[in-house]
Amino acid sequence: MLPGSPKKEDTRKQPRLLPRHSTMQLLGPSLLLLVWWVPEYLAFSDSTKWRFEHPHTLYSWDGACVWIPCQYTTPLRRDQLDNLILYSNYEYDDTTKNFKGPILYEKTKSLRDDHTPERVQFLGDQKSNCTISINPVFEKDNGWLGLRLTTKAGKWMEKIDLNVSKTPLSPHIQLPPEIQESQEVTLTCLLNFSCPGYQIQLQWSLEEPAVTSTSLTTKTVSTQSKLTFQPQWTHHGKNLTCQLWDPKAKRILSEETVLLDVKHAPEPSRVEIVSSPAKEGNQVEMTCMSRANPLPTNYTWYHNKLEVPGRTNKTFQIPAVLLSHAGQYSCLAKNRLGAGPIGQETELDVQYAPKEVTTVIQNPTRIREGDTVTLFCNYSSSNPRVTRYEWNLQGSWKEQSPGVLIIQKVAWDARPITCAACNQWCSWAPSVNLDVQHAPKDVRVQQISPPSEIHSGHRVLLGCNFSSSRPRDVRFFWKRNGIFLKEGKELSFDSISPEDAGNYNCFINNSIGQTMSEARRLQVLYAPRMLRVAISPKDQVMEGKKAVLTCESDANPPIFQYTWFDWNNQNLHHYDQMLRLDPVKIQHSGAYWCEATNQLGRVQSPPSTLTVYYSPETIGRRVAVGVGFCLATVLLVFWGVKLQRSWKRIRSQQGLQESSSGQSFFVRKQKVRRAPLSEDPHSLGCYNPVMEDAISYATLRFPFGETDTPRLGDAGTLETESPSPNRDDTVTYSVLQKCREGDYENVLPDSPEDEGIHYSELVHLGLGKRPVAQEAVEYVTLKH
């Protein structure tokens, strides 16, 4: 290594250079090398070495200044500085083997400040003082300074840390380890800055006198203010501030605040109740609030000035507060500095809902339905006082005054009533029953048995029920269709019949009144009965008109099918209730019957006979065509034949009366009552309803030979027959027999003399003398 290497002259600042305290390490084996370097490091061979005293770090802020107190000692005491250079944030260049960086100040042996800026001043000398002032200092100066000293004996680079902030420095408050109440204490406000010529002040937030001083030594550069005072317990927990004040600009540059921790014995305090007033039964927590530093370690509680044993904690808890817990509470606190006085008393107010609430009925007598009822709501005590009342009832009512209720026209089914007395909370009284007296309610007829349909012949039991009656002593009565039946709760039928059907009511009475049930319709089910065939109009009808046959019956449930049959028991395949014949014919005459069916059975009716009679037009037509032709033939064949009488034989065989006359034909009509008709259904086919119970007979009497006897045939023509031993040989009888289809009667429907039997006799006129006319006989001449 060449002599004069900068690495050898500044071993303290560069890692590869030897440190200042390692000079002796160059001796020994490395002696030849040191001898070779004697001209540059002659100082190291002396017992002395480079020594510097200055603050390790200097603090300032942008725009302020820096005062650097500095002392140095050269290796040789007699050496003087040849050169001094102040670098800013220097660096060592391995290439040039030298230091480089901005030069803030340079001073040669002649003490000429050729390169010194105005803001940097060297305040030292060439022997021991190296004090420097930088005014102003800038934020860009932040970092480190390099103080390069050169003497004949050697060179040295001293590093000085420089902390330049953007804003002013903050002071720092120094507190003693403990501050006790009433004991004098001194507080220090320290600022790591001091620069002659730059005015600053430190001031306190407490209005106490303070002493400010500065320190500019190679150990410290600072400004401090000392505050001495006697703290009180009221200072504890308070903020204490030290401010850096710029008197020129009259503004605060910076400040620091600390919290005063003043140790003191407990002070009187109050009892704090978390929830007061407290509701009975709720949890209550009380806290002893006592100012003390350090915190109290023990508490004593008092209730109504009496110590509460076993309570030593800060909190006093009551899980469920009672009325007995109400009263005045106080406490006393202790810490290591002593015990405080007993604090002020605090009241625990225990509140509760109204107690012993009752509902009282004022009415002196028993209550009847529709009465006016007055009730009172009473209670024994309340905290706070009762402010309102509540009632749980329906209907028409009003509160006459607080706690007094009036019910207008009380209902029979009034529910139990209760009231509540309320402050912040409501207490409900036990319910009271008005026991309203009333007539039986909800009276109804109940079918006990059978449970469903009632059939004819069943045993039926009805009951009379009700829902309510006050009083309960009642009597039961029954009615059917509004007619009284009997007394009793039940009505029974051993074998019910259709005639028992109807509307049934039961009614119940007590001492208050009587109530009747709604009518219950009792239906009895039965198969069809009382069947008959009704003919309209009645049972007689004229041909060409309309006939309606109705199958009438009594049945429950109603008949759902009808079947019709005729006299031949032939099914007509007609299933309606009515059988209509429109127009009705002679052939429709005969007996008819019907069959009815419902869900319970099938029943047949007895036969009913329909008689269809000829209309006047038919009678006239057939007389003209039939009888006229027949009589004309008789006159032609038997003209001159003599008719004779034989009244007894006629009456015995025909039950008729006849008369004879002379040569002409006359028809005499006389009324006679007829015999009963045959029961043969079709034998009534010619029954003439106009004549009611009458029938007409006609006797033809002609002169005849000894052997031949003319008669009227079945077809309406004349025939002859041999004499009969039981007959009059001189008379031929011609009787109109039972009509068959196509026959007719010579009886006019509109004849005014239709209440009797008509018979006619035909008399041959012209040969004999005309008989004398009879008063009871009408003669009708039949002309050919």
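Tutor: Buried means under 20% relative accessible area, exposed means over 50%, and partly exposed lies in between, with a 1.4 Å probe and protein chains only. This is a predicted model, in which local features need pLDDT of at least 70 and side-chain atom pairs count only at pLDDT 80 or more, while totals for chains, interfaces and linings use all residues. Residues are numbered from 1 along each chain as its sequence is written, and side-chain values use heavy atoms, with hydrogens and water left out.

Student: Is R480 buried, partly exposed or exposed?

Tutor: R480 forms a salt bridge with D500 at 3.6 Å, N to O, where the term requires a side-chain nitrogen of Lys or Arg within 4 Å of a carboxyl oxygen of Asp or Glu. D500 is buried, with a relative accessible area of 17%. Because its relative accessibility is 25%, R480 counts as partly exposed.

Student: Which residues are linked with R366 in a network of salt bridges?

Tutor: R366 is exposed at 54% relative accessibility, and its side chain meets that of D435 at 3.4 Å, N to O. That pair links distant parts of the chain, 69 residues apart. The network joins R366 with D435 and R470.

Student: How many salt bridges are there by this rule?

Tutor: By the 4 Å rule, the count of salt bridges comes to 17.

Conventions. Helices (H or I, at least four residues) and strands (E, at least two) are DSSP runs, numbered from the N terminus.
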